[in-house]
Amino acid sequence: MFQDKPLPVVISADIHGIVPSQISDQAINVLQRLHDSGYAAYLVGGCVRDLLRGLRPKDFDVVTDAKPEQVRALFRNARIIGRRFRIVHVIFGHDLIEVTTFRGGDDDALRRTDEGRILRDNVFGTLDEDVWRRDFACNALYYNFANAEIVDYVRGWQDVETGHLRVIGDPATRYREDPVRMLRAARFMAKLGFTLTAETAAAIHECRPLLKDIASARLFDESIKIFQGGYAWAAFLQLRELNLLGFLFAGLDDLLNRDYDRVAALIEKILKATDERIALQLPVNPAFLLAGLLWADLSRRREPWLHQRVAADTALELACDEVLEATVRQVAIPRRLTELMRVIWVLQPALEREASGMALGVPLNDLTDAQKHLLAHAWFRAGLDFLCLRGEIGEISPAACAFWRQYAPARDKDTGEAVPTHLPEDFGKHGQIARRPRQRNRRPNRSRGAAN
Ligand code: ATP
Ligand code: MG
């Protein structure tokens, strides 16, 4: 496929400036062990790129010529994962280092679909073969643990210096191999502020429909990387710019096309709040931001039920079912998160209703049972944070937020800010929410214009 492989540029430590103290102890541990055992040991990908840009890498990826079984044999705390790409996770408590074996260059050995999508890639090879499998040149720099030199076959160093994202090889072929690379392009543009080169951008136009065939579980993982990386708002704008958002959230994209300012207002608030919390190293939970992303779609879907004079609460429940069903088909949001999204949504009308007409300063004890019940709800704060953001964009009166805040002031007093989305780290992991019993035949028949 790539006939005329250029010779690599080698960049020495005094030029690139990366020092071992910038590399995590766990990564050093893995690199050292591989090296001592006679294997090649390199850092590769985002960590090298980020260190060169003066950013703190999210994770350190190691690449070696040791086969997965050989890597596993070196570490007690290692396991082999994956089918499409077999890799080794070396586990250190809550952290892990991903160790990949160089992929081979024999194109015929790859299992592909008719469209050219790679299904399996477990043929091992050498560094100068592995490099052509990577997505962008800036992600294909190899830091050699043995001598601290960076090996660059693809002018990645230059791209990092000039802030460019350039697909390695022919962009259309590479997007066909793995359409998720287009989403990664949007993510890296947002994260790094890089610009796509003309060819890298142009091929997205013809290849974007291929994202329809990507498994919903993979699109969920990718969405989390996009929206929980600390640059969610910028990434959202890039996804729109590249016309990719619809492949994750079709209903939302459609609404944005019709009424951008109204629909984007809440999303901007929520994504920026998420980014701020990540910058402050505070926990965030995807349920909150997903609830925000889908709120407009939910509200739209509630309308027809209300027109049929279905009771408001039922209309909301039905719209929840619809929006979650439609979204999960595209992006496989796990049940523990959809349950929480539903709770946040269902709390909204309840919080509005119970705050309506209430004066400030009512002592806690004088609240109604319904109000006390809401205050005691396990996810009251998440619901309230959401309500307050809706108040901030003028969707509802800010008085409702002010009323509830008296009894539940915003947290994070130490930062001096009322930062929303403050949810515990284990938010939703332990099934604290009693699942609403599903009723059979709950859905009224639209054509008969059911009323209740
Ligand atoms: P970050 O960790 O900052 O999100 P990253 O570049 O490290 O960014 P990862 O998803 O951790 O991204 O992947 C590590 C490396 O593996 C990438 O830098 C790239 O070289 C390679 N890679 C990852 N996904 C793909 C892909 N879909 N196609 C080709 N190469 C990929
Ligand atoms: Mg990485």
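Student: Why is Lys272 called partly exposed?
Tutor: Lys272 has 37% relative accessibility. Buried means under 20% relative accessible area, exposed over 50%, and partly exposed in between (1.4 Å probe, protein chains only). So Lys272 counts as partly exposed.

Student: What kind of model is this?
Tutor: This is a predicted model, where local features need pLDDT of at least 70, side-chain atom pairs count only at pLDDT 80 or more, and totals for chains, interfaces and linings use all residues. Residues are numbered from 1 along each chain, chains are lettered from A and ligands numbered from 1 in written order, and side-chain values use heavy atoms, without hydrogens or water.

Student: What makes Glu268 and Lys272 a salt bridge?
Tutor: Their side chains meet at 2.6 Å, N to O. The limit is 4 Å, from a side-chain nitrogen of Lys or Arg to a carboxyl oxygen of Asp or Glu. Therefore the pair qualifies. Both residues lie in helix α13 (residues 260-279), four residues apart, about one turn.

Student: Why do Arg353 and Glu354 count as a salt bridge?
Tutor: Their N to O distance is 3.9 Å. That lies within 4 Å, so the pair counts.

Student: Why is Arg262 called exposed?
Tutor: Its relative accessible area is 52%. That is over 50%, so Arg262 is exposed. Arg262 also forms a salt bridge with Asp259 (2.8 Å, N to O).

Student: How do you know that Arg134 makes a polar contact with ligand 1?
Tutor: A side-chain N or O atom of Arg134 is 3.1 Å from an oxygen atom of ligand 1.

Technical notes
Polar contact = N/O pair within 3.5 Å; in protein donor to acceptor, adjacent residues only side chain to side chain. Helix = DSSP H or I, 4+ residues; strand = E, 2+ residues; numbered from the N terminus.
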